[in-house]
Amino acid sequence: MRVWRTAAAILAGLAIGGCATTGSPAKPAPSAQASKDKAPPPKPLAKGLDPAASANPFPSTYKPLPSRPTAIVGASAFTGTGELVENATILIKDGKVEQVAAGLAAPAGYDTVDAHGKWVTPGLIDAHSHLGVYASPEVWANSDGNELTDPVTPQVWAEHSVWPQDPQFDTARIGGVTTILVLPGSGNLIGGRGVVLRNVPSRTVQGMKFPDAPYVLKMACGENPKRVYGSKGRAPSTRMGNVAGYRAAWINAADYQRKWDDYRAKIGRGDKADPPKRDLALDTLVGVLKGEILVENHCYRADEMAQMIDISKEFGYHITAFHHAVEAYKIADLLAANGTCVATWANWWGGKMEMYDGIEANAALVDAAKGGCAIIKSDDPDLIQRLNQEAAEALAAGRAAGLQITEAQAIKWITANPAKALGISAQTGSLEPGKRADVVIWDHDPFSIYARTERVYVDGAVAYDRHDARYQPRSDFDLGQPGEGVR
């Protein structure tokens, strides 16, 4: 027993002594190989080579025209919210809508505009235009809307073709249009980025760019791409070739995004990594996959729209709106269920085979579906001056088909709904407090064939006045040309 007690005491002493003298076990020294493999801090990529650092290389320089506090008094006001306010006063201050209410007195210090017997609407928004990229005069030198060198060209941006002096911007403003989506043409499967513009005179396209409006991607189905490239003996030459082309493009985009994600993850861990080579086309497509760029899809036939929705689900993006979409009435419920708007006309029919099932009530039937989003757009420099009349045709056709649609509801087709499809509804498209004061005064009900604009406000500033030559801007190019360039 004594031997065991002595041994235990010795062992205990050794243990206590060890704890007192050595503490925690020492970490092994790093090997020479581990030191060699440790990456130095990564150098920033050269300017222009990192897509995340160049998301907006052509920023808006738009500055609103000077405005004054204004009270438009006594009007019949379509607010763009589905409401008609009679004897309305619209208060404008600091370029914003301040208040809309019936019978409201003009505050002291406000310019008062007598609008008794007149109508007021939000500024009209054209969700599909080619102004500036197919400028007037219509000659080859001004034809810059279709980059027909490859069926997939997401690397091109419409704003790099926009000519701000296009006289058609002025005539559109006379028609009450205050905001315009300018798109590339529809000759390609993927035609490039579109840009949202404020319809104001400017020396540069940056001076017209709508601040904080998202970019859009123009895509096209059907006859156009297969005709353009089939005639060149190239793919696609069929509708099935079209679909294969879209899918290949989205596969490339997803792979490109994966490479950048892998690179950033390695750098974040301190590992060595070489960045992928930047690709402007794939930058745009990745922007769509991330939900940063909206998809505006030219497509006429109902079956093709359904197929495009399937493709969008396969690759995880959303189609914001189908354009032209003359057969949308056939699948109005499907489009509404997918949160996809329809930008169409009333009476464009028969120009090619895929247009043959177009009907005048198309927009009204889309609107009638639960959650439907109908838009009347131009795609034409003349029609953009008369969007209100095109909406009136669609309204009349819908009523003839038995639909109960008010004018207050139909005005949304050229105001609030296009704002939604362009991602700018928080800023414009309706006469609500805090929104941009884009306002039109009409001399008749805007759904009348006789209606003309009397005054157009952009951000609360007078941008056009039919009775005051000071507010009838003309393009530099248009000066000295015969005719007045009005409606």
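These are my notebook entries on a predicted model, going from the overall picture to single residues.

**Setting up**

I number residues from 1 along each chain as its sequence is written.

**Overview**

I looked up the secondary structure and found 12 helices and 16 strands. Helices (H or I, at least four residues) and strands (E, at least two) are DSSP runs, numbered from the N terminus. The protein has 487 residues, and 51% of them count as buried. Buried means under 20% relative accessible area, exposed over 50%, and partly exposed in between, with a 1.4 Å probe and protein chains only. I then turned to contacts, meaning heavy atoms within 4.5 Å. Among contacts with a separation of 6 or more, 68% are between residues 24 or more positions apart.

**Helices H5 and H6**

How do H5 and H6 pack, and at what angle? Helix H5 (residues 239-269) meets helix H6 (residues 280-289) at about 85 degrees, with the axes 9 Å apart. That makes H5 roughly perpendicular to H6. For my own reference, axes are lines fitted to C-alpha atoms, for helices over the stretch in contact, and angles run from 0 to 180 degrees between N-to-C directions. Angles under 35 degrees count as roughly parallel, over 145 as roughly antiparallel, 65 to 115 as roughly perpendicular, and the rest as oblique.

On the H5 side I listed contact residues including Ala-249, Trp-250, Ala-253 and Tyr-256; on the H6 side they include Leu-282, Leu-285, Val-286 and Leu-289. By class, this contact has 10 nonpolar, 2 polar and 1 charged residues. Here Ala, Val, Leu, Ile, Met, Phe, Trp, Tyr, Cys and Pro count as nonpolar, Asp, Glu, Lys and Arg as charged, and the others, Gly among them, as polar.

I checked how covered H6 is: 9 of its 10 residues are buried. Asp-283 and Thr-284 are among them. The buried residues of H6 pack against strand S8 (190-198), strand S9 (216-220), H5, strand S10 (294-299) and helix H7 (302-315). I looked at helix H4 (residues 223-230) too, where the buried residues include Glu-223 and Tyr-229. The buried residues of H4 pack against S9, H5 and S10.

**Aromatic rings**

Rings of Phe, Tyr and Trp (its six-membered ring) pair if their centres lie within 6.5 Å; planes under 30 degrees apart count as stacked, over 60 as edge-to-face and the rest as tilted. By this rule I get 9 aromatic pairs. One of them, Trp-260 with Tyr-263, is edge-to-face, at 5.7 Å centre to centre and 90 degrees between the planes. Both residues lie in H5, 3 residues apart, about one turn of the helix. An α-helix has 3.6 residues a turn, so residues three or four places apart point the same way. Trp-260 is buried at 5% relative accessible area, and Tyr-263 is buried at 8%.

What does Tyr-263 touch beyond its neighbours within four places in sequence? I found Leu-45, Ala-273, Asp-274, Pro-275 and Pro-276. The C-alpha atoms of Tyr-263 and Pro-276 are 7.6 Å apart, at 13 residues apart in sequence.

Elsewhere, ring pairs link Phe-58, Trp-157 and Tyr-215 into a cluster. The charged end of Arg-193 sits over the ring of Tyr-215, 5.0 Å from its centre (the rule: NZ of Lys or CZ of Arg within 6 Å of the ring centre and within 35 degrees of the ring normal).

**Loop residues**

I found Tyr-317 in the loop between H7 and strand S11 (319-324), buried at 7% relative accessibility. Leaving aside neighbours within four places in sequence, its contacts include Trp-250, Val-288 and Leu-289. Gly-132, in the loop between strand S6 (124-129) and helix H3 (168-174), is buried at 2%.

**Backbone checks**

I noted a cis peptide bond joining Ser-136 and Pro-137, with omega about 5 degrees. The bond from Ala-235 to Pro-236 is also cis, with omega near 0 degrees. His-324, in strand S11, has a positive phi near 75 degrees.

How values were computed. Predicted model: local features only at pLDDT ≥ 70, side-chain atom pairs only at ≥ 80, totals over all residues. Heavy atoms only, no water.
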